[in-house]
Amino acid sequence: MLEKLAEIKSKAIDELSSLSDLRELEAWRVRYLGKKSELTQILRGLASLPLEERKAVSASANELKAFFETSHRENKESLKERAYQEMEAATVGRQITLPTGIPSAETFGIPDVTLPGRPIPLGRLHPTTQMLCRICDIFVALGFQVVEGPEVEWDYYNFEALNIPPDHPARDMFATFWIETESGQRPMLLRTHTSPMQIRVMERTQPPVRVVVPGKVYRYEATDATHESMFYQIEGLAVDEHTTFSDLKGTLYEFAKRLFGEERRVRFRCDYFPFVEPGVEMAIDCMACGGSGCRLCSGTGWIEILGAGMVHPDVLRRVNYDPEVYTGFAFGLGLERIPMLLYGIDDIRLFYSNDLRFLRQF
Ligand code: PHE
C-alpha cells in the first residue's frame with residue numbers, strides 16, 4: 001500500500017510539471033484529490049486494514065493529501081499569473097486604464113478573455129443643443145453665419161444701444177439680474193435677451209451682415225411651467241442695402257416651413273420692441289389642430305413663435321450705419337418653446353433639472 005502511495009505521488013508530480021493552464025490543473029485536481037481518485041479510495045478503505053498497517057498508511061496517505069492540496073494551490077497561483085501576463089502581452093499598445101471603483105479582471109478570479117466587454121455608457125446631446133443645431137443649420141443654409149457673445153453684458157448693449165434708455169418703460173419687459181459694480185462703474189447685468197449681439201456685430205463689421213446668435217439669457221422671474229430664470233434664445237440679424245420687410249417675411253416663412261413642415265402657414269401681427277420699427281410677432285398655425293383651436297394653441301389656432309421687425313434707424317445710427325443707405329431686419333426666438341411644442345413637453349423646468357429619465361428620451 002505504501003508503495004502504491006509513492007507511485008501515485010511520483011506520477012502526480014510528473015503530470016503537475018507539464019500542466020499548461022488552469023483547466024488542465026482542475027482536471028489534475030479531480031484526478032488526484034477528487035472523490036473517485038485512488039488516494040480518496042485508499043483513505044476510505046483505511047478502516048478495513050489491520051491496525052499496524054492502518055497507522056502507517058493513514059499517516060502517509062494524509063501527508064500525501066496535504067502535499068497535493070498545497071501543490072494545487074501553488075500551481076493555481078502561478079498559472080493564473082501566467083494567464084494574466086499572456087493576456088497583458090496580447091493587449092500591449094491598446095491598454096486602457098480602468099477608472100478606480102470598477103472591478104478588475106482579478107476580482108473575478110480566472111480571467112476569461114471571451115467574456116463580452118463591459119458596456120461603456122454613451123452620452124447624448126441635450127434636447128436644447130439638438131434643437132439649437134437644427135435651427136442654426138436652417139439659417140446657415142439660408143446664408144447666415146453663427147456667432148456667440150457674452151452672457152455678462154453691459155447695460156449699454158442690453159438696453160441703451162437698443163433704444164431702451166434708463167427709465168424707459170420697456171425695461172419692464174425684462175426682469176433683470178443686475179451685477180454689483182463699484183460706484184461710478186458702468187452698470188452690468190446678465191443679458192436678458194440675445195439682442196445686444198446685434199450691436200456688437202454691427203459695431204465690428206460693415207454690411208452686408210447676416211448672423212444668427214444662439215445663447216443663454218437670464219430673467220429675474222419666479223419659475224413655473226412656462227418660465228425659467230435661464231433659457232436659450234436665437235437672435236437673427238440681416239442688414240444690407242435694400243433689405244425690406246419682404247425679406248424678413250420670406251426668410252422667416254422659409255424657416256418655419258423647414259422646421260415645422262412644408263404645409264405650415266405663418267401669421268405676422270404688429271408687436272412692439274423699442275429696437276425695431278415696425279415690430280411684429282410671428283405665429284404658425286397650430287400643428288395639433290391645424291387651426292381649428294385646441295389646448296395647445298389655447299383655442300386660437302395659432303402659436304406664437306418669435307418676435308421680429310425692421311432694425312430701428314436710431315439703432316443703425318448708433319453703430320454708424322447710414323439708415324438712408326442700409327436697412328435690416330432682426331428676430332429673436334425662445335428656443336425651449338419649440339421642442340415643448342413639437343414633443344408635447346408641458347414644463348420648461350424639465351430641461352435644466354438634470355433628470356436623466358427625461359433627457360434620455362431625446
Ligand atoms: N429680444 C426680443 C425679446 O427677447 C426679441 C426680438 C428680437 C424682437 C429681435 C425683435 C427683434 O423679447
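**Rings, charges and a ligand shell**

W178 is partly exposed, at 45% relative accessibility. Keep in mind that this is a predicted model. So where does W178 go from here? Let's look at the rings.

The structure holds 19 aromatic pairs. One of them joins F159 and W178, with 6.4 Å centre to centre and 40° between the planes, and that pair is tilted. Stacked needs planes under 30 degrees apart and edge-to-face needs over 60, so an angle of 40° ends up as tilted. The two partners come from distant parts of the chain. F159 sits in the loop between helix 6 (155-158) and strand 3 (178-179), and W178 is in strand 3, 19 residues apart. F159 is buried, with a relative accessible area of 1%. W178, as I said, is partly exposed at 45%.

Now a second pair, F329 and F331. The ring centres are 6.5 Å apart and the planes meet at 25°, so this pair is stacked.

Y232, Y343, F351, Y352, F358 and F362 make up one cluster.

Next, the ligand. How many residues surround the ligand? The count is 15, and the closest are H193, S195, R219, Q233 and G332. An N or O atom in the side chain of H193 lies 2.9 Å from a nitrogen atom of the ligand. S195 places a polar side-chain atom 2.8 Å from a ligand nitrogen atom. How much of the ligand does the protein cover? On its own, the ligand has 330 Å² of accessible area, and the protein covers 92% of that.

Which elements build the shell? Strand 6 (230-241), strand 9 (302-311) and strand 10 (326-334) each give at least two residues. Strand 10 supplies the largest share, three residues. By class, the shell has seven nonpolar residues, six polar residues and two charged residues.

H312 is in the loop between strand 9 and helix 9 (313-318). H312 counts as buried, at 18% relative accessibility. Buried means under 20%, so 18% falls within that class. The H312 side chain makes a polar contact with the side chain of N163, at 3.4 Å.

Now the charges. Side chains of opposite charge can pair when their charged atoms come close. How many salt bridges does a search of the whole structure find? It finds 16. I'll take three.

First up, K4 and E7. Their closest N and O atoms are 4.0 Å apart. The two residues lie three apart in helix 1 (residues 2-17), so about one helical turn separates K4 from E7. K4 is partly exposed, with a relative accessible area of 31%.

Next, E15 and R31. Here the closest N and O atoms of the salt bridge are 2.7 Å apart. This pair links distant parts of the chain, with E15 in helix 1 and R31 in helix 2 (residues 22-33), 16 residues apart. R31 is partly exposed, at 42% relative accessibility.

Then D285 and R264. Their closest N and O atoms are 2.8 Å apart.

To recap. The ligand has a shell of 15 residues, and strand 10 gives the largest share of that shell.

Methods:
Residues numbered from 1 in each chain as written. Predicted model: local features only at pLDDT ≥ 70, side-chain atom pairs only at ≥ 80, totals over all residues. Heavy atoms only, no water. Near = heavy atom within 4 Å. Polar contact = N/O pair within 3.5 Å; in protein donor to acceptor, adjacent residues only side chain to side chain. Areas by Shrake-Rupley, 256 points an atom, 1.4 Å probe, with all protein chains shown as cover. Helix = DSSP H or I, 4+ residues; strand = E, 2+ residues; numbered from the N terminus. Nonpolar A, V, L, I, M, F, W, Y, C, P; charged D, E, K, R; others polar. Salt bridge = Lys/Arg side-chain N within 4 Å of Asp/Glu carboxyl O. Buried < 20%, exposed > 50% of the residue type's maximum accessible area, 1.4 Å probe, protein only. Phe/Tyr/Trp six-rings, centres within 6.5 Å; stacked < 30°, edge-to-face > 60°.
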